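Here is a short report on the structure shown below. It looks at charged side chains that pair up, and then at one helix.

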Amino acid sequence: MTGSETTFSQRDTESPRERRYNAILDAAEALFLEHGYERTSLADIVRRSGGSLATLYDLFGNKQGLLRAIATRWSDETAFCPLDPAVTATMSHVDTLKSYAFRQSDAMQSPRAIALMRMLVSESVRDRDFAAGIYRDIHLPAIAELTELFTRWAAAGEADIDDPQAAAKLFLNIVFGDSMLKALAGIEEESLGREEIDWRLRPFISHFRIGQIH
């Protein structure tokens, strides 16, 4: 089944409320990308998506709620499914980490992601509560996922990781640490190539002896 067929199949099983939720979210994201977050009004979103302002408020609360939901959906779409033990069992640990880094680096450098990051950074600077929500919704789940993976490897004697959570934070910073700063500064450059990601990960893999001990 193709990706589009899967999407249509999923939409066919949605409730009316879920369809309305996704229609509003799709319209909001499109308008934010076309005109900018600040220049898009809730009335603009309702006109494009259909429905009513009351429904929008009921589903998302306000415009910040829409932006947060868009960010969470994007994060879910780019989540690294192969961290599932059933999948990583067929990959070396080094390949698992590199695949994660390659996929996330590509996702972070897409025009959609860069525009979204700029909106998130701008709104986070303006509103600390919003920033805390984005941190909880997007960053903490990634840390938890990697922490679980590193804990499993350490327990099996397949890595020398004494603090899996700290290692997870370090890994994310090595590969993605400057992405938000670049988005805030409006710096656009080519995404990290495979060779540079390999170079960045080499000390991490060596230090924690990933896949080297038993």
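Arg 73 is buried, with a relative accessible area of 17%. Buried means under 20% relative accessible area, exposed means over 50%, and partly exposed lies in between (1.4 Å probe, protein chains only). This is a predicted model, in which local features need pLDDT of at least 70 and side-chain atom pairs count only at pLDDT 80 or more, while totals for chains, interfaces and linings use all residues. Residues are numbered from 1 along each chain as its sequence is written, and side-chain values use heavy atoms, with hydrogens and water left out.

**Salt bridges**

What does Arg 73 form a salt bridge with? The partner is Asp 26, and the closest N and O atoms of the two are 2.8 Å apart. A salt bridge here is a side-chain nitrogen of Lys or Arg within 4 Å of a carboxyl oxygen of Asp or Glu. The pair links distant parts of the chain: Asp 26 sits in helix α2 (residues 16-35) and Arg 73 in helix α5 (residues 63-77), 47 residues apart. Helices are DSSP runs of H or I with at least four residues, numbered from the N terminus. Asp 26 is partly exposed, at 30% relative accessible area.

A search of the whole structure finds 11 salt bridges. Three of them are set out here.

| Asp 26 | Arg 73 | 2.8 Å |

Glu 34 is partly exposed at 46%. Arg 48 is partly exposed too, at 44%.

Asp 137 is partly exposed at 25%, and Arg 68 is partly exposed at 28%. Shared partners also build a network: salt bridges join Asp 26, Glu 29, Arg 73, Glu 77 and Arg 112.

**Helix α8**

Helix α8 covers residues 111-126. Its 16 residues should span 22 Å at 1.5 Å a residue, and its end C-alpha atoms are 23 Å apart, which agrees. The expected span is 1.5 Å times one less than the number of residues.

Which residues of α8 are buried? They are Ala 113, Ile 114, Leu 116, Met 117, Met 119, Leu 120, Val 121, Glu 123 and Ser 124. An α-helix has 3.6 residues a turn, so residues three or four places apart point the same way.

How values were computed. Helices (H or I, at least four residues) and strands (E, at least two) are DSSP runs, numbered from the N terminus.
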